[in-house]
Amino acid sequence: MISMPRILSCSVTECAYNVNNECHTLAITVGDGSHASCDTYYRTKVKGGAVDQIGGVGACKADACKFNKAFECSAPGINVAAHSGHADCKTFTQR
Ligand code: SF4
Ligand code: SF4
């Protein structure tokens, strides 16, 4: 059984869900095709999310990653960082 991997850190501080390099939405979706972007990234000046929760990976479409099992993430946790104006899963590892 796969349990939901935690987002260990996210350095995309301009995202609405980012507080102190932590992700505070309940779950993100990763992957636009094979690119491991955080699809939940939302750039705005207002902060949102659940302040008492650390987010997890709800689903991932980046099936080129070795941690991807049937479009779910099986990594123990992931790290997210900025890349070319969006946010990427840095735990992505090519199969
Ligand atoms: S970019 Fe993604 S992982 Fe980072 S805080 Fe925003 S929603 Fe969470
Ligand atoms: S580690 Fe791989 S499977 Fe998990 S969220 Fe990142 S890209 Fe998707």
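Student: Which residues are around ligand 1?
Tutor: A residue is near a molecule if one of its heavy atoms lies within 4 Å of it. Around ligand 1 we find Cys10, Cys15, Tyr17, Asn18, Cys23, Ile28, Cys38, Thr40, Tyr41, Val80 and Ala87. Please note that this is a predicted model, in which local features need pLDDT of at least 70 and side-chain atom pairs count only at pLDDT 80 or more, while totals for chains, interfaces and linings use all residues. Residues are numbered from 1 along each chain as its sequence is written, chains are lettered from A and ligands numbered from 1 in the order in which they are written, and side-chain values use heavy atoms, with hydrogens and water left out.

Student: How many nonpolar, polar and charged residues does the shell around ligand 1 have?
Tutor: Ala, Val, Leu, Ile, Met, Phe, Trp, Tyr, Cys and Pro count as nonpolar, Asp, Glu, Lys and Arg as charged, and the others, Gly among them, as polar. The shell around ligand 1 has nine nonpolar residues, two polar ones and no charged ones.

Student: Which residues surround ligand 2, and which classes are in its shell?
Tutor: Ligand 2 is surrounded by Ala36, Val57, Cys60, Cys65, Phe67, Asn68, Cys73, Ile78, Cys89, Thr91 and Phe92. By class, nine of the residues in this shell are nonpolar, two are polar and none is charged.

Student: How many disulfides does the structure hold?
Tutor: A disulfide is a pair of cysteine sulfur atoms within 2.5 Å. The structure holds zero disulfides.

Student: Is Cys10 buried or exposed?
Tutor: Buried means under 20% relative accessible area, exposed over 50%, and partly exposed in between (1.4 Å probe, protein chains only). Cys10 is buried because its relative accessible area is 10%. Cys65, from the shell of ligand 2, is likewise buried, with a relative accessible area of 8%.

Student: Where is His24 placed, and which side chain does it contact?
Tutor: Strands are DSSP runs (E, at least two residues), numbered from the N terminus. His24 is in the loop between β3 (22-23) and β4 (27-32), and is buried at a relative accessible area of 5%. A polar contact is a pair of N or O atoms within 3.5 Å; within protein, one must be able to donate a hydrogen and the other to accept it, and residues adjacent in sequence count only if both atoms are side-chain atoms. Such a contact, of 3.3 Å, joins the side chains of His24 and Glu22.

Technical notes. Helix = DSSP H or I, 4+ residues; strand = E, 2+ residues; numbered from the N terminus.
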